[in-house]
Amino acid sequence: MDRGMFDHKPAAPLFAALLLAGCAATAGDSYPSLAVRDVERAEGTFEPAAPRQLDVPPVVIDAEGDIPARLESLVAAARDAHEQFTAAVPAAQRRVQAAGNAAVGSDSWASAQVALADLDSARSNAAVALGDLDILFAAATVQAQDAAAIAAARATVVALVTEEDVVLERLRAQVR
């Protein structure tokens, strides 16, 4: 063993004993007790506060009149919007393909964004008809009326809007 080096092995148990002796000292009253205090004891019962009443104005929906004619009109509007959407898809596809690897902000990228916005606009026209059908369906359901015809018209428009959403998602994925 080198005389310049200190052997730590005999000192380790002594050091550990000193540390443990410090931990074993009694704390006395210097630390608070962990026992349950009087204020922490559950006594009595609590009454919940009365819920605040909201003044919600009634939504007036004209569910009277010729519902079949309204449904036909809304489905026709959605189909017209879908035809406009379908007619605009080829031009949008060309613009999106032209902007495939273009930098964000370039002319071809901007042209593709405008084409996608035109498709969004045509889709929103179909979505407006869907919103009106949703209102009619909710009103008929709340008033316990037969909503089967409304549900069928709504399903037709939902299918159109879903088809448009798929096209828009596919085209947007090519431009990003």
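**Stop 1: the whole chain.** Keep in mind that you're looking at a predicted model. Colour it by secondary structure and you'll find four helices and zero strands. Follow the sequence along and the pattern reads α-α-α-α. The chain has 176 residues, and 20% of them are buried. Now think about contacts between residues at least 6 apart in sequence: 71% of these join residues at least 24 apart.

**Stop 2: α3 and α4.** Select residues 107–142 for helix α3 and 148–175 for helix α4. How do two packed helices get described? By the angle between their axes and the distance between the axes. Here the axes come within 9 Å and cross at roughly 160°. Angles over 145 degrees count as roughly antiparallel, so α3 is roughly antiparallel to α4. Their crossing is left-handed. Colour the residues of this contact by class and you get 20 nonpolar, one polar and seven charged.

Stop 3: Next, show some side chains. In soluble globular proteins, nonpolar side chains tend to be buried together. The largest nonpolar core in this model has 18 residues, and the ones with the most contacts inside it are Leu71, Leu133, Leu136, Ile150 and Val157. Click on Val157: leaving aside residues up to four places away in sequence, Val157 touches Val75, Ala78, Ala126, Leu130 and Leu133. Then look for a second, separate core of 14 residues, with Ala92, Val96, Ala112 and Ala122 among them.

**Stop 4: Ala81.** Is Ala81 buried or exposed? Its relative accessibility is 3%, so Ala81 counts as buried. What does Ala81 touch, not counting residues up to four places away in sequence? The answer is Ala122, Asn125, Ala126 and Glu164. To finish, draw a C-alpha to C-alpha distance from Ala81 to Arg123: these two are 42 residues apart in sequence and 6.7 Å apart in space.

Note on methods
Residues numbered from 1 in each chain as written. Predicted model: local features only at pLDDT ≥ 70, side-chain atom pairs only at ≥ 80, totals over all residues. Heavy atoms only, no water. Axes fitted to C-alpha atoms, helices over the stretch in contact; angles between N-to-C directions. Helix = DSSP H or I, 4+ residues; strand = E, 2+ residues; numbered from the N terminus. Parallel < 35°, antiparallel > 145°, perpendicular 65-115°, else oblique. Left-handed = near helix turned anticlockwise from the far one by under 90°. Nonpolar A, V, L, I, M, F, W, Y, C, P; charged D, E, K, R; others polar. Core = buried A, V, L, I, M, F, W, Y, C linked by side-chain atoms within 4.5 Å. Buried < 20%, exposed > 50% of the residue type's maximum accessible area, 1.4 Å probe, protein only. Contact = heavy atoms within 4.5 Å.
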